[in-house]
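Subject: Structure for your files

Hello,

Here is the structure we spoke about. My notes on what was found in it follow below.

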Amino acid sequence: MIKVCAVADLPEGEAVRVDLEVPIAVFNVAGDYYAIDDTCTHQDASLADGYLEDDCTVECPLHASCFDLRTGEPTGLPAKEPVRTHSVMVEDGVIFVVPRQG
Amino acid sequence: MDTIAVVGASLAGLSAARALRAAGFEGRLIVIGDEKHDPYDRPPLSKDFLAGRQEVADLSLSIPSDADLKLEWRLGECATGLRARDGGYLIELADAEPVACDGVVIATGARARQLPTAAGSGPLRGVHTLRTLDDALALRAALVPSARLVVVGGGFIGAEIASTAMELGVHVTLVEVAPTALAGPLGEELGAVFAALHVTRGVEVLTGVPVASLVPGDDPDGAAGDGGADKVVGVWLADGRELPADVVLVGIGSIPNTEWLAGSGVVGAGPNGELSAGVAITEGGATNLPGVVATGDCAATHSRFAGRVVRYEHWTNALQHPALAAATLLGLPAPRQSATAGVPYFWSDQYGLRLQFAGHYHQGDVVEIVEGDVSTHNFVAVYRREGRPVAVLGIGQPKVFGRWRKQLATDNAL
């Protein structure tokens, strides 16, 4: 379990990148938190820098690939491979992520 | 509507076919493309594919779920005409029976503009353009280490190929008729930043001089004594200089593939309806004919960023606009688009730097660096017209760039 940031530091509609060996992006969608691999599976770009859409997807800022934050599945070209999803926990006002192994 | 023909099988055509199914169209869906290849991605052709880091399979735009779309592929077939018939349309093909349909998506894209050849002579061997996979395979084979490449045209295609060719150990000279390479899309000030980058990396950049003609010569590798001077050996410039060349890459823009629509009644975007300026469409992709929409590189519409009718050839336009055109064709409300759809956007990778650009630059727009430093090639620049942001350029600053891009979408929302 890895500390991400304080709840207050991740407002709604925002994202934060956790710089791990494989970086993870954590999103706040209307008070719900989602974590996925930060690097787009199409080309090297950070999804935490992308656009969070109303339908719980994030659009890659580089080539507009979209990923469903709940499943990690791509919902639009050019990405064809999913990103991994990770569990998020909130404790005492602090957001934690549990990186999926493998 | 029972049968829809999508004419064009690249990104825009494939995206239109997917969007039609996503919008609930259950009739016959025929996709006609003049290239034999399955739909493939073009941006890597000047970058990773040309450099040999990607192969043909890496370019595929197909995904497994495409099989569920029940598309009737007609690849390797070239549309030659569009005719009204029985309240619907006929798509005429070069080497096959016409296709009858009652809805048409025109997505025939554009092709590379060629240098004019001397009267009575064909194109010289060694002269390349880059638009298709076959073009890229031919150019990749020609860019051997120590080859001398002359790039005619300092736009993005020329600049990206120059960058990749340097990486391959090729000697590169880039010739641009304007005073500064990339000044057209980026403006003098920031175009110059990229021009300087090319010089730093070893490209010889010659600007402000037009090409007079290509120099024909004998192919040293050709059959002995064939006597034909059908291979390019150099480029003559208008000021009298001659640049020796083994390979010439011509990157001087594109021409929309609209000739096949002559006589169809489809109106073009030229001042007198000429199709040479692309198919005139509304923002939603409607043409002047009922049941006919157009999308992607072959279509032109009024841009609030440019303040005029523009035929955008941006990849993201070919990805996103077809969903609007599909809805228009089916008479459905416009689907939800991403937060930045509608803002012209493109990127370019050169020398390991990633350029992103959104909006539209006009001569006279005022540039302000809002983040970073131009000299370190890590910055965001905003272009303003009468004080209002109209475009943003970023290098190595995706987050800040992304905020400005979204801001442009918000500011310019209809």
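Chain B and chain A bury about 1900 Å² between them, with 46% of that area on carbon and sulfur atoms. Please keep in mind that this is a predicted model. On the side of chain B, B:Arg336, B:Arg354 and B:Lys399 lose the most area to chain A, and together they make up 28% of what that side buries. In terms of contacts, 27 residues of chain B meet 20 residues of chain A.

The two chains are also linked by charge: there are 4 salt bridges between chain B and chain A. One of them pairs A:Asp49 with B:Lys399, whose closest N and O atoms lie 3.7 Å apart. Between chain B and chain A, 13 residue pairs are in polar contact, counting pairs with both residues at pLDDT 80 or more.

Which elements of chain B supply at least two residues each to the side that touches chain A? They are α1 (11-22), α7 (315-330), β22 (345-350), β23 (353-359) and α8 (398-411). Of these, α8(B) gives the most, with 6 residues. By class, that side of chain B has 10 nonpolar, 8 polar and 9 charged residues.

There is also a cavity to report. The structure holds 1 cavity of 30 Å³ or more, and the largest cavity has a volume of about 50 Å³. Its lining includes B:Gly154, B:Leu174, B:Phe194 and B:His198. Helix α6 (residues 188-200) of chain B provides the largest share of that lining, 3 residues. The lining residues divide into 7 nonpolar, 3 polar and no charged.

Regards

Key: Residues are numbered from 1 along each chain as its sequence is written. Chains are lettered from A and ligands numbered from 1 in the order in which they are written. This is a predicted model: local features need pLDDT of at least 70, side-chain atom pairs count only at pLDDT 80 or more; totals for chains, interfaces and linings use all residues. Side-chain values use heavy atoms; hydrogens and water are left out. Contact means heavy atoms within 4.5 Å. Buried area is the accessible area (1.4 Å probe) that two parts lose on being put together, summed over both. A salt bridge is a side-chain nitrogen of Lys or Arg within 4 Å of a carboxyl oxygen of Asp or Glu. A polar contact is a pair of N or O atoms within 3.5 Å; within protein, one must be able to donate a hydrogen and the other to accept it, and residues adjacent in sequence count only if both atoms are side-chain atoms. Helices (H or I, at least four residues) and strands (E, at least two) are DSSP runs, numbered from the N terminus. Ala, Val, Leu, Ile, Met, Phe, Trp, Tyr, Cys and Pro count as nonpolar, Asp, Glu, Lys and Arg as charged, and the others, Gly among them, as polar. On a 1 Å grid over the protein atoms alone, a cavity is a set of points where a 1.4 Å probe fits but cannot get out, and a pocket is an open set with protein on both sides within 12 Å along at least five of seven lines; lining residues have an atom within 4 Å of a point. Grid points are joined across faces, edges and corners, and a volume is the space filled by probe spheres set on the points.
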